[in-house]
Amino acid sequence: MRTSFGTMERFTGSFTQQEPIPEAGIAAALEVLRHGRLHRYNTAPGEVAETALLEEEFAAFLGARYCLAVASGGYAMTCALRAMGVTAGEPVLTNAFTLAPVPGAIASLGARPVFIETNENLTIDFTHLERMAGETGARLLLLSHMRGHMADMPALIALCNRLGVKVIEDCAHTMGAEWAGVPSGRFGVMACFSTQTYKHMNSGEGGFVTTDDPELAARSVLLSGSYMLYARHRAAPPPEAFEGLRLEIPNVSGRMDNLRAAILRPQVALLGERRARWTVLHEAMQAGLAATPGLRLTHRPEAERHVASSFQFLLPDWAPARITALIAACAARGVELKWFGAPEPVAFTSRYDHWLYAHPQPLPQTDRVLAGLIDMRLPLTFSAEDVARIARIIRAEVLRIGQAETVETVAAAPLAD
Ligand SMILES: *Cc1c(COP(=O)(O)O)cnc(C)c1O
């Protein structure tokens, strides 16, 4: 039956197209290119490097005492773990539902990622966290606010305090987000951010480490490769804080450069406005998918103020073949969905049991959640109308494929031109 196909709605936008760099960032980048002092410690007399200014501005935005700009979000995490003194063989707790650079940062130090179960709202499971902290004796949790979903942060920090576990926040998906008015990144002893193209500010690659602890800040600056020029930092502790450390901390170069900092500085001021626009897109998607039989939305708590650069929903208990059919049908209509239940990692969707180097133990609750977890990007180049259209397409296909008697009947239906 192809009769209705001509009227079938399609989406023609790109799920990977971000907004351009703001003109002010382009102009500042050109200036850096013209003077040629790209390295953060290459400054003219009296000049303050773009990187140092960016750190100061991001620290002020977040309300953190110290901020270090680095080469990537992944580097920020290894730097924070090193600053915390993580050693080879040490267990480090982390979310089972996260992205590959998180366990990768732990493994890069020879430490051992210990994966914690995920609940249906895509946040860390407190019961399993408590059990694994006890079983492994871990003293650190690298907490990933994966896809922007935040656990009840005061409750989590209280639990970790009781367990003697310190928290490093991975805020790659929560830059500008808040829990009960407190910014994400202000709960742990350290926090890590990414300015990679698909996050909330775009410099291609880049990241930040933030903390209020002068010793951790000084260690991070030295680790990032400060060549004894740490006094040129502004969002860092005074030189005295470096005295006892400067000959003890290895240089593991991973600095940010002035070109990227120039691109990023005007974007810090845009984070609030971007959050508001992402919220509009998120609400349009939620409204468009609400009350769709077979599809479950995650619960977003009142206290959470997210920066939703992506959207997730669950297809609980759907057979894999049905989900594959849904993804193909949506793709044929221009809607790019990712599935965390796929047997093989595809693009950005690898799963804890794909990280064989970490010898992951089976996590039945996480397996159940990820088996039906669908994910999509919401770039700011989409309008609310775009999102409403995308939601109509997903809803129609979820109804059609979810209610088909067999997957074979679905496969026989028209999917593409
Ligand atoms: C992107 C990302 C990071 C950091 O990644 P980089 O690409 O190294 O900047 C960290 N954690 C999560 C969950 C991410 O998605």
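Reader: In which loop is Ala-291 found?

Author: Happy to start there, with the reminder that this is a predicted model. Ala-291 sits in the loop between helix H10 (271-289) and strand E10 (296-297). Its backbone has a positive phi of about 55 degrees, although the residue is not a glycine.

Reader: Why is Ala-291 called exposed?

Author: The word exposed applies over 50% relative accessible area. Ala-291 has 72%, so it is exposed.

Reader: What makes Leu-122 buried?

Author: Here the cut-off is under 20%. The relative accessible area of Leu-122 is 3%, so Leu-122 counts as buried. Leu-122 lies in the loop between E3 and H5, and has a positive phi of about 70 degrees without being a glycine.

Reader: And Thr-123, why is that residue called buried?

Author: Its relative accessible area is 11%, therefore Thr-123 is buried too, given the cut-off of under 20%. Thr-123 belongs to the loop between strand E3 (112-116) and helix H5 (126-136).

Reader: Which residues is Thr-123 in contact with, leaving aside its neighbours within four places in sequence?

Author: They are Glu-117, Thr-118, His-149, Met-150 and Ala-151. Contact here asks for heavy atoms within 4.5 Å.

Reader: What makes helix H3 (residues 73-83) mostly covered?

Author: Nine of its eleven residues are buried. Among them are Tyr-75, Met-77, Cys-79 and Leu-81.

Reader: How do you know that Ser-72 caps the N-terminal end of H3?

Author: A side-chain oxygen of Ser-72 lies 3.3 Å from the backbone nitrogen of Gly-74, and a polar contact needs a pair of N or O atoms within 3.5 Å. Just after H3, Gly-85 takes a positive phi of about 80 degrees.

Reader: Stepping back, how many helices and strands does the protein have?

Author: The count comes to 14 helices and 14 strands.

Reader: Why is the protein called as compact as a globular protein of its length?

Author: Its radius of gyration is 22 Å, close to the 22 Å that the globule rule gives for 417 residues, so the protein is as compact as a globular protein of that length. Along its principal axes, the C-alpha trace spans about 75 × 55 × 35 Å.

Reader: What share of the residues is buried?

Author: Buried residues make up 54% of the 417. As for contacts with a separation of 6 or more, 73% of them join residues 24 or more positions apart.

Technical notes:
Residues numbered from 1 in each chain as written. Heavy atoms only, no water. Helix = DSSP H or I, 4+ residues; strand = E, 2+ residues; numbered from the N terminus. Rg over C-alpha atoms; globule rule 2.2 N^0.38 Å. Buried < 20%, exposed > 50% of the residue type's maximum accessible area, 1.4 Å probe, protein only. Polar contact = N/O pair within 3.5 Å; in protein donor to acceptor, adjacent residues only side chain to side chain.
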